[in-house]
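Subject: Structure for you, with notes

Hello,

Here is the structure I said I would pass on. Please open it alongside the notes that come after it.

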Amino acid sequence: MKFLPPDHYTVYEEDREGWIQSYPETGEYDFSLLGDSITHIDFGNYRGSSISGNVYNDFNSNGLRDTNDIGLGNWKIIISGALIDSIRTDDSGRYTFNGLEPGTYTVSEVLKSNWKRTAPPSPGTYTIQVVQGELYTDKNFGNFKFGRITGRKFNEDRKSTRLNPVTVRNLVCR
């Protein structure tokens, strides 16, 4: 036990990754010590929760992450509810929201142009009732990029080397 000279003191605890301080409300004790003893300098903590997943290119648009589906980096993921925040996926398409307090959260992605979401099903979000200390994984977003086919159709004039354009009414892709 260390004895302290009379003075003004502030007592707080250092943050620890993965933990959330719940007591005292202010996060610290501020008092003057005048030769007496101060008791009940207590701190309450609980392990925070996390929500994580991947954003991937769903090449065959089946809504499942197959072995050839690759992660998509730099996609914006939004969390709302007890906390409102956003992050971007890493180069492998991974994201994680750490240090979540208990409560209801909705996780969504910002869909980029020319992409179609394939997972999760409509409405394309995850709503999670987070409890203390739990890890919620595999909250994945599958996306399929629309392709584009371009070209021209010509009526070939066999008597010359010239191609005459014609109007295309129906184009069928198989």
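This is a predicted model: local features need pLDDT of at least 70, side-chain atom pairs count only at pLDDT 80 or more; totals for chains, interfaces and linings use all residues.

Surface charge. A patch of positive charge on the surface brings together Lys76, Arg88, Lys112 and Lys145. Of these, arginine 88 belongs to strand β7, which covers residues 85–88. Its relative accessibility is 48%, so arginine 88 is classed as partly exposed.

Serine 49. This residue is part of strand β5 (residues 49–57). Serine 49 has a relative accessible area of 2% and is therefore buried. A polar atom of its side chain is 2.6 Å from the backbone oxygen of valine 131.

Prolines. Two cis peptide bonds are worth a look. One joins tyrosine 23 and proline 24, with omega about 0°, and proline 24 sits in the loop between β2 (19–23) and β3 (28–33). Another joins alanine 119 and proline 120, with omega about -5°; proline 120 is in the loop between β10 and β11. Proline 123 is also placed in the loop between β10 (115–119) and β11 (126–130). With a relative accessible area of 65%, proline 123 is exposed. Its C-alpha atom is 9.4 Å from that of serine 108, 15 residues away along the chain.

Positive phi. Serine 61, in the loop between β5 and β6 (76–81), has phi near 55° and is partly exposed at 28% relative accessibility. Asparagine 114, in the loop between β9 (103–109) and β10, has phi near 70° and is exposed, with a relative accessible area of 52%. Most residues other than glycine have a negative phi, and most peptide bonds are trans.

Regards

Key. Residues are numbered from 1 along each chain as its sequence is written. Side-chain values use heavy atoms; hydrogens and water are left out. Patches are made of residues with over 30% relative accessible area and no salt bridge: like charges are joined within 9 Å, nonpolar side chains (Val, Leu, Ile, Met, Phe, Trp, Tyr) within 5 Å. Accessible areas come from the Shrake-Rupley method with a 1.4 Å probe; for residues, only the protein chains shown count as cover. A salt bridge is a side-chain nitrogen of Lys or Arg within 4 Å of a carboxyl oxygen of Asp or Glu. Lys and Arg count as positive and Asp and Glu as negative; His and the chain ends are not counted. The place of a charge is taken as NZ of Lys, CZ of Arg, CG of Asp or CD of Glu. Helices (H or I, at least four residues) and strands (E, at least two) are DSSP runs, numbered from the N terminus. Buried means under 20% relative accessible area, exposed over 50%, partly exposed in between (1.4 Å probe, protein chains only). A polar contact is a pair of N or O atoms within 3.5 Å; within protein, one must be able to donate a hydrogen and the other to accept it, and residues adjacent in sequence count only if both atoms are side-chain atoms.
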